[in-house]
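Student: Could we go through this model together? I would like to begin with its surface and then turn to its contacts.

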Amino acid sequence: MELEELRRQIDAVDDDMVRLLVSRIEIVERIRALKEGMGIPLEDLSREADVVNRLSAGLPDSMKPCVARLYAALFEISKMNHQSQSNTQDTMAKYVCDLCGYEYDPATGDPDNGVAPGTAFENIPADWVCPLCGAGKEDFSPVK
């Protein structure tokens with residue numbers, strides 16, 4: 001019985017980690033969009049090192065390499081996610097609100113309402129609404 005309980009605990013932690021990973025990637029994409037708009041270089045290796053150092057501070061020495069490897073992987077995942085989005089943005093369809101004419105463009109997303117640039121309409125949360133009139137996703141049609 002103890003093994004199953006421990007497995008349930010690991011499953012719960014894994015669920016939290018995936019939820020947090022998705023949230024982190026969405027925030028990274030918002031930062032990327034801001035940096036692009038400001039003309040700031042996207043990659044900042046000193047910031048990456050600062051993140052690892054901050055998170056490693058106070059940890060036992062045996063855990064510090066684990067944090068460094070984990071965040072090296074997270075930084076790489078973020079970069080791969082951006083490249084993947086860049087490659088597919090041209091093929092993602094735009095959608096228009098049937099009620100007010102607002103056009104959702106996946107390339108720009110809706111960052112003011114938590115939708116990162118590069119988010120396909122199909123991947124927008126179900127509770128997202130038109131920023132102009134409040135219509136639900138069901139009131140949108142693909143732009144032809």
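**Surface, helices and contacts**

Tutor: L34, M38 and I40 make a nonpolar surface patch of about 310 Å². Patches are made of residues with over 30% relative accessible area and no salt bridge, like charges being joined within 9 Å and nonpolar side chains (Val, Leu, Ile, Met, Phe, Trp, Tyr) within 5 Å. Accessible areas come from the Shrake-Rupley method with a 1.4 Å probe, and for residues only the protein chains shown count as cover. This is a predicted model, in which local features need pLDDT of at least 70, side-chain atom pairs count only at pLDDT 80 or more, and totals for chains, interfaces and linings use all residues. Residues are numbered from 1 along each chain as its sequence is written, and side-chain values use heavy atoms, with hydrogens and water left out.

Student: Where is I40 placed?

Tutor: I40 is in the loop between helix 1 (2–38) and helix 2. Helices (H or I, at least four residues) and strands (E, at least two) are DSSP runs, numbered from the N terminus. I40 has a relative accessible area of 35% and is partly exposed; buried means under 20%, exposed over 50%, and partly exposed in between (1.4 Å probe, protein chains only).

Student: Which residues of helix 2 are buried?

Tutor: The buried residues in helix 2 are E48, V51, V52 and S56. They cover an arc of only 120° around the axis, which puts them on the same side of helix 2. The arc is that of the directions from the helix axis to the C-beta atoms. On the other side of helix 2, R47, N53 and R54 are exposed.

Student: And what does helix 2 reach from its first C-alpha to its last?

Tutor: Helix 2 (residues 45–56) has 12 residues and reaches 16 Å, close to the 16 Å expected at 1.5 Å a residue. The expected span is 1.5 Å times one less than the number of residues. Helix 2 is followed by G58, whose phi is positive, near 85°.

Student: Changing topic, how many salt bridges does a search of the whole structure find?

Tutor: The search finds nine salt bridges, each a side-chain nitrogen of Lys or Arg within 4 Å of a carboxyl oxygen of Asp or Glu. One of them joins E48 to K79, at 3.3 Å from N to O. E48 lies in helix 2 and K79 in helix 3 (residues 64–88), so the pair ties together parts that are 31 residues apart in sequence. E48 is buried at 16% relative accessible area, whereas K79 is partly exposed at 23%.

Student: Which residues are linked with K79 in a network?

Tutor: E43, E48 and K79 are linked in a network of salt bridges.

Student: What about R8: with which residue does it form a salt bridge?

Tutor: R8 forms a salt bridge with E5, and their closest N and O atoms are 3.3 Å apart. The two are three residues apart in helix 1, so about one helical turn separates them. In general, an α-helix has 3.6 residues a turn, so residues three or four places apart point the same way.

Student: Last topic, how many disulfides does the structure hold?

Tutor: The structure holds zero disulfides, a disulfide being a pair of cysteine sulfur atoms within 2.5 Å.
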